[in-house]
Amino acid sequence: MLEVKQIQNGIVIDHIKSGNGLKIFNKLQLYKAESPVVLLINVESKLLGKKDIIKIENTFDVDLNLLGLIDENISINFIKDGRVIDKKKVIIPERVTGLITCKNPRCITNSDDYMQPTFTLISKEKLEYKCNFCDEITKYKI
Ligand SMILES: [Zn+2]
């Protein structure tokens, strides 16, 4: 088993479905991070068979809504002085602002730069959201 140094302060995004690690890495724009970031792919997991893990040093702030949209099984460990001080599970957000674009080309959120698209969850199973401006149904895709 590959050993990676434990982080001292920061967060560990765990139980990422194998294959989603890189997508999350890109979505969170972790390539721009100034502190060390570790992306582990295909780690053995009792729960999932294989999983991905992301460790971010010196960061405590991640977009839980975005993570919930990508993969609802993710758990986040907050690490301080080398110990886990808090754990959070992500959930599929009921309301989403900005992370999705409305698929209706005539929707005002697609033509007006000042309008933030906002959506309301209508189906958890299918990850379908209804646009609050034009009622168009948009499915979230990573
Ligand atoms: Zn719309």
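Is Cys131 buried or exposed?

Analyst: Cys131 counts as buried, because its relative accessibility is 0%; buried means under 20% relative accessible area, exposed over 50% and partly exposed in between, using a 1.4 Å probe and protein chains only. The model is predicted, with pLDDT of at least 70 required for local features and 80 or more for side-chain atom pairs, while totals for chains, interfaces and linings use all residues. Residues are numbered from 1 along each chain as its sequence is written, and side-chain values use heavy atoms, leaving out hydrogens and water.

Cys131 is one of the protein donors of the zinc ion; the donors are the SG atoms of Cys102, Cys107, Cys131 and Cys134, lying 2.2 to 2.4 Å from the ion. A donor is an N, O or S atom within 2.8 Å of the metal (3.2 Å for Na, K and Ca), and since water is not among the atoms, sites may look incomplete. The 4 donor atoms subtend angles of 99 to 114 degrees around the zinc ion, and the arrangement is therefore tetrahedral; for four donors, this term requires all angles to lie between 85 and 135 degrees. The ideal angle for four tetrahedral donors is 109.5 degrees.

Along the chain, the donors follow the spacing C-x4-C-x23-C-x2-C. Helices (H or I, at least four residues) and strands (E, at least two) are DSSP runs numbered from the N terminus. Cys107 is also buried, with a relative accessible area of 2%.

Strand E8 belongs to an open sheet of 4 strands in the order E6-E7-E8-E9, with antiparallel pairing. The edge strands, E6 and E9 (137–139), each pair on one side only. Two strands pair if DSSP finds at least two bridges between them; E7 (residues 118–123) and E8 pair over 4 bridges. Within this sheet, Phe119 stands opposite Cys131 in E8.

The loops on either side of E8 also deserve attention. Leu127 lies in the loop between E7 and E8 and has a positive phi of about 55 degrees, although it is not a glycine. Asp135, in the loop between E8 and E9, likewise has a positive phi, near 70 degrees. Most residues other than glycine have a negative phi. Leu127 is buried, with a relative accessible area of 16%, whereas Asp135 is partly exposed at 48% relative accessibility.

Definitions and conventions
Four donors count as tetrahedral if all angles lie between 85 and 135 degrees; four count as square planar and six as octahedral if opposite donors are over 155 degrees apart and all others between 65 and 115; anything else is irregular.
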